[in-house]
Amino acid sequence: MYRTWFASSRFDEISTLFKATFIGIFIVFSVIFISDFLEGVESPNRILIFIYWFFIFLSTALGRLFIRSFQRNLLIKGIGRRGAVIVGYNEKAFEVHNQILEHPALGLDVVGYVAVNQENIGKNYKGIQVHGSLTQLVEIIHSNKAAEVVIALEREDHDLLVEVISKIEGKGIGLKIVPDLYEILSGQARTSQLYGIPLIDIMPELMPEWEKKLKRISDIVISFIILIITLPLNIIISILIKIDSRGPVFFKQDRIGMNNKEFKIYKFRSMYEDAEKNTGPVWSTKDDPRVTRIGKFMRQLRIDEIPQFYNVLKGEMSLVGPRPERPYFVEMLSEQLPYYKRRLKVRPGITGWAQVKHKYDESIEDVKVKLRYDLFYIENMSLRMDIKILARTVLVVLFGKGHYR
């Protein structure tokens, strides 16, 4: 209920309020019912809880409608308005500008344009000037005291999107994108709207602070429990690895984690020792000849991943997130896929949306598909999403579908 209200529909807000209050009251009712049942108390007055809920919903809904109306009236009168910079100087940019002018209740004032093409610098639309190019974006935002940036680039300029995001991210500036630039998500991202114009919200805070803390606590508790429970199995697997082939029990490899920080990932060794000695870094394949006999068994049941719970315990990884990649491949893929380093904004995971939806990376096309799933996860991160992925992971392991690398 406390997310941004930018151009929010009052009907949407009231329906969300209805759902939130109903769930809360249902929990209260259930707790009281169970308590009465355990204590042998019978009461015909439990229905009063739902009457209480009705008045809670009604009073809160009326209160929110009043506050929103009061808020919008203040914005229309010029109190609390925010400046907006539009990146792009084209028909889409003009359409957004026109809608902002037509709806003063948005509380936005276009204070400037930022051009992609040098020839547009100095031009103006409805009295608002093109102040400069993308290299001057941050200076233009600060000098015009802008709080919002709307990206309205042409399709052929979509590669500049990452540059714009990287310049603004972490500076407390609201960022919205006219959707067709975000083809890499194939229409899967959440959208808001500006009176009929769909916009994609790019939020600097990917998860609320309380969810981040709860996610980390869950990582610590679950990884610790799994490491304790699997200790007997780990001992047996260690013995089988030593019997099956020459080399260490554990496989350590450099991977790139959150904020481009390098760490060592741990696995049970499933390949022959020095498997990449003659080939250099290469991706795994489904029937990789470098995999040992016990390695095939471990990979099928995902047992080789168990040591990674130690990485989770240390805070280098999470249970759910994009899979960490090797430095060599990160640099290579970042050159070919401009969005790739966006994955490094979050803690990497043992499993992820891409792992339950797609197979091994055997080509650059597989990486592109997985990147789309990873970006979808990053833009929609939540505890609910994590639980959904963990549930799907269990099904993947049980039925032998999907792959991890």
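The following legends describe close-up views of a predicted model.

**View A. Nonpolar surface patch including Phe224.** Trp210, Leu214, Ile217, Val221, Ile222, Phe224, Ile225, Ile228 and Ile229 together make a nonpolar surface patch of about 880 Å². Phenylalanine 224 belongs to helix H6, which spans residues 209–229. The relative accessibility of phenylalanine 224 is 47%, so this residue counts as partly exposed.

**View B. Tilted aromatic pair of phenylalanine 29 and phenylalanine 50.** The whole structure contains 18 aromatic pairs. In the pair shown here, the ring centres of phenylalanine 29 and phenylalanine 50 lie 5.1 Å apart; the pair is classed as tilted because the planes meet at 50 degrees, between the limits of 30 and 60 degrees. Phenylalanine 29 is in helix H1 (residues 10–39) and phenylalanine 50 in helix H2 (residues 48–76), so the pair links distant parts of the chain, 21 residues apart. Phenylalanine 50 has a relative accessible area of 22% and is partly exposed.

**View C. Edge-to-face pair of tyrosine 328 and phenylalanine 329.** The two rings are 5.2 Å apart centre to centre, with 75 degrees between their planes. Tyrosine 328 is partly exposed at 47% relative accessibility, whereas phenylalanine 329 is buried, with a relative accessible area of 3%.

**View D. Aromatic cluster.** Phe18, Phe22, Phe26, Trp53 and Phe57 are joined into a cluster by ring pairs.

**View E. Arginine 372 over the face of tyrosine 373.** The distance from arginine 372 to the ring centre of tyrosine 373 is 5.1 Å.

Terms used. Residues are numbered from 1 along each chain as its sequence is written. This is a predicted model: local features need pLDDT of at least 70, side-chain atom pairs count only at pLDDT 80 or more; totals for chains, interfaces and linings use all residues. Side-chain values use heavy atoms; hydrogens and water are left out. Patches are made of residues with over 30% relative accessible area and no salt bridge: like charges are joined within 9 Å, nonpolar side chains (Val, Leu, Ile, Met, Phe, Trp, Tyr) within 5 Å. Accessible areas come from the Shrake-Rupley method with a 1.4 Å probe; for residues, only the protein chains shown count as cover. A salt bridge is a side-chain nitrogen of Lys or Arg within 4 Å of a carboxyl oxygen of Asp or Glu. Helices (H or I, at least four residues) and strands (E, at least two) are DSSP runs, numbered from the N terminus. Buried means under 20% relative accessible area, exposed over 50%, partly exposed in between (1.4 Å probe, protein chains only). Rings of Phe, Tyr and Trp (its six-membered ring) pair if their centres lie within 6.5 Å; planes under 30 degrees apart count as stacked, over 60 as edge-to-face and the rest as tilted. A charge sits over a ring if NZ of Lys or CZ of Arg is within 6 Å of the ring centre and within 35 degrees of the ring normal.
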